[in-house]
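Hi everyone, thanks for coming.

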Amino acid sequence: MEQLAKLAELVAPRFPPRLLVLQPTTYCNLDCSYCYLQHRDSRARMSDATLDAISSNILLPCPQDRRPTLIWHGGEPMTLPPAWYAAAFERLRVGSGGAPLEHAFQTNGVGTNDAWITLWRRWGVSIGLSLDGPNDIHDARRRTRAGGGSHGLTMAAAARLQSEGIPFHVISVLTPASLAAPDKMYDFYRSAGISHVAFNVEEDEGQDGGSSLSRAPGTVAAYCAFLARFIARTAADPKPVICREIEGVRSLIRGRHEDRGRNLQVAPFEIVTVGVDGGLSTFSPELLGVADARFGNFTFGNVRDGGGLAAMARHPAYLRARREIARGVRACAQSCAYFEVCGGGAPSNKYFELGRLDGTETLYCKLTIQATLETTLEAIESRAARPEGVTE
């Protein structure tokens, strides 16, 4: 009974949302080989009518002390001008009752200039910079539309942010090349003055040929070796690079048992995504707009229709997705020893890797949950068992 109650709680609808992912444009100025995004050639931008509907139908009903974080994520959000965001931020603030809103950008940083710095500083925007490591590793996958490397452009953005005292974190997509070079990756972050990094494994999300990690032999072992070496470097460094994956395991150890397994991607409305045209989705943001007749392209209504999240909760495609995701969570609970850590996996990875939402283990699970947990715990236990004064 206790297990059933926990499962029911994990997949229960939540309000207000914790994260509101907004897609101001689907256009991107780069042509990354692992990009899954459709319509990245479109220059469409989110309209004022859609912004007003977000204010009135999503933000205004939220208690003012429990507003979601607004994550601007495209496409490439910086392909719209800073003036557009200044007007949009103010429009959302006024339309949702005047309380401050928390904004975050996930961006490649290309084109960072005085106007962007002014915008981010004025509104206290959190910045996540997409940077895959040193130039050869980064430029192998993250290239401009003309075919050139983008490393220097993103590094210029990082240097500008540092000079202006604006904090940021880096998200690096791990590929076979980066997994083979943990010291090179660590030395790069350290020499570039990058203090916080998060690792996203290259996921199979419908891109041509799928993820290079799924095709490479020995990926799990390579990931474990990479992370173990990265942990060793942080342990020996008086000013270590802070890694999200390592800190996540440490937080798990320190946290309360009852807080484990919280999974934003399986609980409806913990994450709400609004597309450039106002289309509404929930669960994994990567699913929005994916062609699938059963699930209505994972678009469960439109924010401009006036019904808000209550209308989305009645949408037939949403109900089908919710039921299938819940079955997958139950299957994970019955079959996986790591269930209390992840709470049932990511629906997008199940869909793209397995072709269904009610599947269980994926390569993404094996790497980001299982291998991360086991490798980090092994390193912590190994250091705890050493005699005092003994180092690497």
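F89 is buried, at a relative accessible area of 0%. Do keep in mind as we go that this is a predicted model. W72 has 0% relative accessibility too, so W72 also counts as buried.

Now, how do we describe two rings together? A pair of aromatic rings is described by the distance of the centres and the angle of the planes. The structure holds 24 aromatic pairs. In one of them, the ring centres of W72 and F89 are 5.7 Å apart and the planes meet at 40°, so we call this pair tilted. Where do the two residues sit? W72 belongs to strand β2, residues 69-72, and F89 to helix α3, residues 82-95, so the pair ties together parts 17 residues apart in sequence.

Elsewhere, R43 lies over the face of Y27, at 3.8 Å from the ring centre.

On to the cysteines. How many disulfides does the structure hold? The count is zero. For C224, the closest cysteine sulfur is in C243, 14 Å away, which is too far for a bond. C224 is partly exposed, with a relative accessible area of 23%. C332 is in no disulfide either, and its nearest cysteine sulfur, in C342, is 5.9 Å away. With a relative accessible area of 7%, C332 is buried.

Note on methods:
Residues numbered from 1 in each chain as written. Predicted model: local features only at pLDDT ≥ 70, side-chain atom pairs only at ≥ 80, totals over all residues. Heavy atoms only, no water. Phe/Tyr/Trp six-rings, centres within 6.5 Å; stacked < 30°, edge-to-face > 60°. Helix = DSSP H or I, 4+ residues; strand = E, 2+ residues; numbered from the N terminus. Buried < 20%, exposed > 50% of the residue type's maximum accessible area, 1.4 Å probe, protein only. Lys NZ or Arg CZ within 6 Å of the ring centre and 35° of its normal. Disulfide = S-S within 2.5 Å.
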